[in-house]
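Morning, everyone. Please bring it up on your screens.

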Number of protein chains: 2
Amino acid sequence: MTKRSADPANGSAPAARQVPMRDFSRSLPMSLLRAREAVMRQFRPSLREHGLTEQQWRILRALAAIEAAEVTELARTAFLLGPSLSRILRDLEARNLIERRTAKADQRRSMVSISKEGVKLMASVAPTSEAIYAEITRRFGARKLAELQEMLGELEQSLAGLGSADETIAEG
Amino acid sequence: MTKRSADPANGSAPAARQVPMRDFSRSLPMSLLRAREAVMRQFRPSLREHGLTEQQWRILRALAAIEAAEVTELARTAFLLGPSLSRILRDLEARNLIERRTAKADQRRSMVSISKEGVKLMASVAPTSEAIYAEITRRFGARKLAELQEMLGELEQSLAGLGSADETIAEG
DNA sequence: GGGAGATGCTTAACATGTTAAGTGAATGCG
DNA sequence: CGCATTCACTTAACATGTTAAGCATCTCCC
């Protein structure tokens, strides 16, 4: 019955060993990783009960909102890389949760849409999902949640156009 | 020579279709995911040049700071699951970047430590890594960065002890 | 002191992340 | 028209995330 949650922030640090570099557990990537994990830990069990992974759920949600989309557009929306999406779509199609047909104008493109079964599955998951989201909002505070999302967006903006070295054009 | 980076934030959204549920791209998990990806995108190329993945780098950093640690302790510090860590340690050991020896008192435990080679590798990566971190801090703002980390920590705290259903005891 | 259960770690199995290469279709340009 | 290039997507290969088993070892309690 011991609790299994991570909890790396107990006060039992072993004396003041001269810190070699910025305490690595307080780095930005780690903070983001832990925060996201804390959030996703809430959702995963429910999704799992319905036989969905987090990414599959993302795809269904995205599709439910836009009716039909090309694969590339869907990748951008669901924030998945092409190869991952390709595999997941293959599986979702095998489970009849989505449908796809190649575009007439351009044989390379394929249009993906959610199926009736997919909609039904979504309907069965959404209530729990929304309840969890509501509970998170209640615990953390709606105001603070909005602030956090605002800052996350700004962080993204700050880093946009860094690290590619070929988008130094057309910045106005 | 075409740019291959994801870049999901171009302004070509297809008109204002009536939003069915909270715009899924603005959900908390997505915000966290995108923010983290934006950050990690900066570090990955440098790590890759040195033949390290993000997780391997996390482990080396953690080890460099604490001399030696048991596997479980290391998993907690580097925020990795046991199986992942087990695999990575096997590889790092094969590359002579870490060393391990079983504890005398308890044959189950094994103590892991960074090797001389590991230290050397870290020394060759750290400068670039620090420079990138500094640039991120400069772009986003040191004050805001601290605020963000504070909020992320609070979010973690808010959700601690939710979703396990067996830690409802000893809450005081 | 011996066996049931807990513990520390590893292996297995499946799904995704990440990068590179492959494939078929569309385009541009001579 | 022909052909190199680009484009949309898929496959491949390797590394990690996630959950469940497996395997020693250790602990506790009788």
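Start with a term. When I say a residue is near a strand, I mean that one of its heavy atoms lies within 4 Å of that strand. Keep in mind that this is a predicted model.

How many residues surround DNA strand D? There are 27. The closest are Thr72(A) and Arg100(A) from chain A, plus Pro83(B), Ser84(B) and Gln107(B) from chain B.

Now some individual contacts. Ser84(B) puts a polar side-chain atom 2.7 Å from a phosphate oxygen of DNA strand D. Arg108(A) goes for a base instead. A polar side-chain atom of Arg108(A) sits 2.9 Å from a base oxygen of DNA strand D.

Which elements give two or more residues to this surface? From chain A, helix H1 (28-49), helix H3 (71-78) and helix H4 (82-94). From chain B, helix H2 (54-66) and helix H4 (82-94). H4(B) gives the most, with four residues. By class, the surface near DNA strand D has 11 charged, nine polar and seven nonpolar residues.

Of the DNA strand C atoms that come within 4 Å of the protein, sugar and phosphate account for 66%.

Contacts again. Arg87(A) reads out like this: an N or O atom in its side chain is 2.8 Å from a base nitrogen of DNA strand C. Backbone atoms take part too. A backbone N or O atom of Gln107(A) lies 2.9 Å from a phosphate oxygen of DNA strand C.

The elements that give two or more residues here are helix H2 (54-66) and H4 of chain A, with helix H1 (28-49), helix H3 (71-78) and H4 of chain B. Which one gives the most? H4(A), with four residues. The surface near DNA strand C divides into 11 charged, eight polar and seven nonpolar residues.

That's the tour. Over to you.

How values were computed:
Residues are numbered from 1 along each chain as its sequence is written. Chains are lettered from A and ligands numbered from 1 in the order in which they are written. This is a predicted model: local features need pLDDT of at least 70, side-chain atom pairs count only at pLDDT 80 or more; totals for chains, interfaces and linings use all residues. Side-chain values use heavy atoms; hydrogens and water are left out. A polar contact is a pair of N or O atoms within 3.5 Å; within protein, one must be able to donate a hydrogen and the other to accept it, and residues adjacent in sequence count only if both atoms are side-chain atoms. Ala, Val, Leu, Ile, Met, Phe, Trp, Tyr, Cys and Pro count as nonpolar, Asp, Glu, Lys and Arg as charged, and the others, Gly among them, as polar.
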